[in-house]
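Thanks for making time this morning. I would like to walk you through one structure, and I will take it slowly for anyone who has not seen it before.

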Amino acid sequence: MKRVPIAIGIFVAILLFTAAGMWQIKEITGHITQKLELVEKTALAGNYEAASLEMKNLEEYFLKKEHILAIFMVRSQTTGVLLNLATVKTYITQGHTEDLLTEIARAKAQVYAMQHLFLNIF
């Protein structure tokens, strides 16, 4: 009969770990999406320096949080998002607005896919 409380304890620990993962993934992906929208609005307003600075801050944030994402996701998903963020940064210049919007949309889709893959497992 000692197995039942131990099994219940393990089950509760797994549930708590999963809930913490869901919360972290949602927070991180929400922040990334919000910052991408800010970069988009700033660049459309013609303030490319501020957009570039926001993108740099976003990449730094992602690199700080990447280890948390790596616990819950396949490494290729996080690497894909990082590559998309790097691509967005290259188009923050005057004359590349359409390309920038396309890359931001692609990055948002990648972030959404990452969130969707994790949250739909549970």
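Predicted model: local features only at pLDDT ≥ 70, side-chain atom pairs only at ≥ 80, totals over all residues.

Threonine 42 belongs to helix α1, and, leaving aside residues up to four places away in sequence, it touches Asn47, Ala50 and Ala51. Between these positions, just after α1, glycine 46 adopts a positive phi of about 90 degrees.

Stepping back to the whole chain, the protein has four helices and zero strands, so that, read along the sequence, the pattern is α-α-α-α. Its radius of gyration is 18 Å, well over the 14 Å that the globule rule gives for 122 residues, and the protein is therefore more spread out than a compact globule. The C-alpha trace spans about 70 × 20 × 20 Å along the principal axes. Among contacts with a separation of 6 or more, 68% are between residues 24 or more positions apart, while buried residues account for 30% of the 122 residues.

Which residues form the nonpolar patch on the surface? They are Met1, Val4, Ile8, Phe11, Val12, Leu15 and Leu16, and together they have about 770 Å² of accessible area. Leucine 16, which is found in helix α1, residues 3-44, is exposed, because its relative accessible area of 58% is over the 50% cut-off.

Isoleucine 71 and glycine 21 are 50 residues apart in sequence, yet their C-alpha atoms are 8.5 Å apart in space.

I would now like to turn to the charged side chains, where the count comes to five salt bridges. One of them joins glutamate 54 and lysine 35, at 3.3 Å from N to O. Since glutamate 54 lies in helix α2 and lysine 35 in helix α1, the pair ties together parts that are 19 residues apart in sequence. Glutamate 54 counts as buried at 19% relative accessibility, whereas lysine 35, at 23%, counts as partly exposed.

A further salt bridge is formed by lysine 108 and glutamate 37, whose closest N and O atoms are 4.0 Å apart. Here distant parts of the chain are linked, with lysine 108 in helix α4, residues 97-121, and glutamate 37 in helix α1, 71 residues apart. Lysine 108 is partly exposed at 22% relative accessibility, and glutamate 37 is partly exposed at 36%.

What else does lysine 108 meet in a salt bridge? The partner is glutamate 40, at 3.1 Å from N to O, and this pair again links helix α1 with helix α4, across 68 residues. Through these shared partners, Glu37, Glu40 and Lys108 are joined into one network of salt bridges.

Methods. Residues numbered from 1 in each chain as written. Heavy atoms only, no water. Patch = residues over 30% accessible without salt bridge, like charges linked within 9 Å, V, L, I, M, F, W, Y side chains within 5 Å. Areas by Shrake-Rupley, 256 points an atom, 1.4 Å probe, with all protein chains shown as cover. Helix = DSSP H or I, 4+ residues; strand = E, 2+ residues; numbered from the N terminus. Buried < 20%, exposed > 50% of the residue type's maximum accessible area, 1.4 Å probe, protein only. Rg over C-alpha atoms; globule rule 2.2 N^0.38 Å. Contact = heavy atoms within 4.5 Å.
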